[in-house]
Amino acid sequence: MYLRYTLKTAFSGLRRNTGRSLLTILGIVIGITAIMIVLSVGEGAESLILNQVSALGAQTVIVEPGRQPSGPADFAEIFTDSLKQREREALENPANVRGVDFVVPEVIAVAALSNESETTRVNVIGTAPDIQEILAISANEGTFITEDDVRQAASSVVLGATVKEDLFGSAPALGKKIKIKGRTFRVVGLIDPTGQVGFLNVDEIAIIPYTTAQRYLLGIDHFNVLWLHAESGEAVSRVVRDVELTLRELHDIDDPEKDDFHVVTQEDAIESIGIITTVLTALLTSVAAISLVVGGVGIMNIMLVSVSERTREIGLRKAVGARNEDIMAQFLIEAVMLTGIGGIVGIVLGALFSFIAALILAQVVGTDWEFIFSITAAVAGLLVASTIGLVFGIYPARQAAQKSPIEALRFE
Amino acid sequence: MALIELTNLEKVYRQGEVETRALRGVSFSVEKGEFVAIMGPSGSGKSTLLHILGFLDPPTGGEYLFQGRSAVSYGEDEISHIRNRKLGFVFQAFNLLPRTTVLDNVMLPLLYSDVPEREWKQKATKAVEAVGLSHRIHHEPAQLSGGEKQRVAIARALVTDPEVIFADEPTGNLDSKSGKAIMEILQELNDKQGHTIILITHETYTAEHAGRIIRIKDGLVESDRLVEERRRADTDSLLK
Ligand SMILES: Nc1ncnc2c1ncn2[C@@H]1O[C@H](COP(=O)(O)OP(=O)(O)OP(=O)(O)O)[C@@H](O)[C@H]1O
Ligand SMILES: [Mg+2]
């Protein structure tokens, strides 16, 4: 039997019951739609995070206190005070770590900033001038904090665009005094709107000398992060190794399992983000897959009804020479067509909803969330849908093929 | 070698405990080119016999030789092939596909044949012409009269140019005028194109259009004789 006629036959079979066919494929449509949304949003999230991580630059090596977090229990580790001036100096020494241009310390404090009546809570980053190169930022108005500021623990502050807006509105801020945790700071510089860099939204931070932050805001003598700038991308792996050896020696650690610090590179970050989003996507996809199975059972059910309704037709076809395979093929193709159409509708709806989701997320997250139409997901969705038709169509199709022609013709 | 040869053919229907012996040892043979009418009272086993002859139902006893070969020796695909190319079946209940045009209904057997697709339309059109329905070729069954439906069924039976055409009471549901038109077509197929025709009827008048009448009663052949004064459907005259 010729494929064109098989398709035509199957199609007219479906058209005869348009309403029922549409209801039948609903389960498949919902399943595929859900999977499309999950995959699209998942890929969007991944690409957003990856873009931000990439913005850190391939030459950046991050050293943080505490062991590499491998679960929520390790979270407190980042408060470990294992990185101090001594460690910083060790890492700055080319005899220990080769190929490092400079090391930038960073401490983080969440604090309230106020300008007379206006108050805003932000991340106050205590750091050194070299952070400009790491984050690719600079003061677009005024100056950045200087080495002198650091040495003198000066009360100078550079404001991100949103922070400035919150405190001063459109009024000039440069040279004005603000209070951070009760201490008076002078606004020396302003950063133009920049957005997310790495894990930091530059618009929502205030930058002060790390010495000032340690002494007056936090009362600590350790760092939360040491940023290392490798001289080249190729040098990164050697720098990582040297950092580990140096700090282990300094802290008398023989067993890497007992490290009281960990090193993160852009590559590591990309990898672990990939793992997280893959696991999440797989989880959500498998939930959506349940609806596909339910949809498949629905298809099987309706195909059985259809086979029974068309018993006389099957008998006639066999009486005029249709082989069992011909009948089987007819009903299988019908089932695959049903689920295939369901798949296509699901892909279109999924793309539509993902697009809407992308618009909403862009508002919520406040960054340029990309709408991603995954061709792979679309093809996979169509394949999965068709396979479901095939799998759940086999039983009804066999029932049809095995009918004896005369009994089928006698069927009332 | 006879085209069809039956020896002690039996058919027993079993439904749970109940056994119905529809055929209890039927023997006769049909030569190529014959026109045979089968008659008998209701429930005597006529349809059962025709279904077995048409490879739609297997016998439960005796022997059926088709073209000299035992019917039980054919495999499933061979049987499909025989149904498709060698036999044409006209059912009492028409059995046309609904919502399908006359042309597509007639084309149906070709879909399962080895006839190349490009010849389908032409063959089907010719068959529709042969039953005088060219003007209804794009109609659907619901738009046809009973006689027209039966003619479509005949066109479908002859589209693959089979050896034998079986017809189960083809005129049973029709008035005498439509019935005559059907008989005219069947006679012409038999005379001019040499198709073997086996038809069931309960009307002696219709049966007399055939060359031979076999009477069945209670699953046995009661009589088997040639028609001496054969009727011509086209002129309504008697042939000598
Ligand atoms: N599928 C079946 N199961 C059980 N019994 C059957 C079946 N088909 C036919 N019979 C029985 O076999 C006998 C012969 O039936 P068949 O249909 O061959 O009769 P018929 O001669 O064609 O009658 P009619 O002239 O009414 O069509 C009847 O007694 C009938 O009840
Ligand atoms: Mg009958």
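Select Thr246(A) in helix α8 (residues 236–250) of chain A; helices here are DSSP runs of H or I with at least four residues, numbered from the N terminus. This is a predicted model, in which local features need pLDDT of at least 70, side-chain atom pairs count only at pLDDT 80 or more, and totals for chains, interfaces and linings use all residues. Residues are numbered from 1 along each chain as its sequence is written, chains are lettered from A and ligands numbered from 1 in the order written, and side-chain values use heavy atoms, without hydrogens and water.

Thr246(A) counts as buried because its relative accessibility is 10%; buried means under 20% relative accessible area (1.4 Å probe, protein chains only). Its side chain reaches the backbone oxygen of Asp242(A) at 2.6 Å. Now show its contacts (heavy atoms within 4.5 Å). Leaving aside neighbours within four places in sequence, Thr246(A) touches Ala90(A), Leu91(A), Asn96(A) and Val97(A).

Next, go to Arg317(A), in helix α10 (residues 311–319) of chain A. Is Arg317(A) buried or exposed? Arg317(A) counts as buried, at 5% relative accessibility. Its side chain makes a polar contact with the side chain of Tyr112(B), at 2.8 Å. A polar contact is a pair of N or O atoms within 3.5 Å; within protein, one must be able to donate a hydrogen and the other to accept it, and residues adjacent in sequence count only if both atoms are side-chain atoms. Beyond four places in sequence, the contacts of Arg317(A) include Thr9(A), Gln330(A), Leu97(B) and Leu108(B).

Now the ligand. Ligand 1 lies between chains A and B. Of the 13 residues around ligand 1 (a heavy atom within 4 Å), Arg410(A), Ser42(B), Lys46(B), Ser47(B) and Thr48(B) come nearest. Check these distances:

- Arg410(A): a polar side-chain atom lies 2.7 Å from a nitrogen atom of ligand 1.
- Gly45(B): a backbone N or O atom lies 2.9 Å from an oxygen atom of ligand 1.
- Thr48(B): a polar side-chain atom lies 2.5 Å from an oxygen atom of ligand 1.

Which element gives the largest share of the shell around ligand 1? That is α1(B), with 3 residues.

Ile4(B) is among the residues with the most contacts inside the largest nonpolar core, which has 114 residues. Such a core is a set of buried Ala, Val, Leu, Ile, Met, Phe, Trp, Tyr and Cys residues joined through side-chain atoms within 4.5 Å. Select Phe28(B), Leu53(B), Tyr64(B) and Ile198(B), which are among the contacts of Ile4(B).

Definitions and conventions:
Helix = DSSP H or I, 4+ residues; strand = E, 2+ residues; numbered from the N terminus. Buried < 20%, exposed > 50% of the residue type's maximum accessible area, 1.4 Å probe, protein only.
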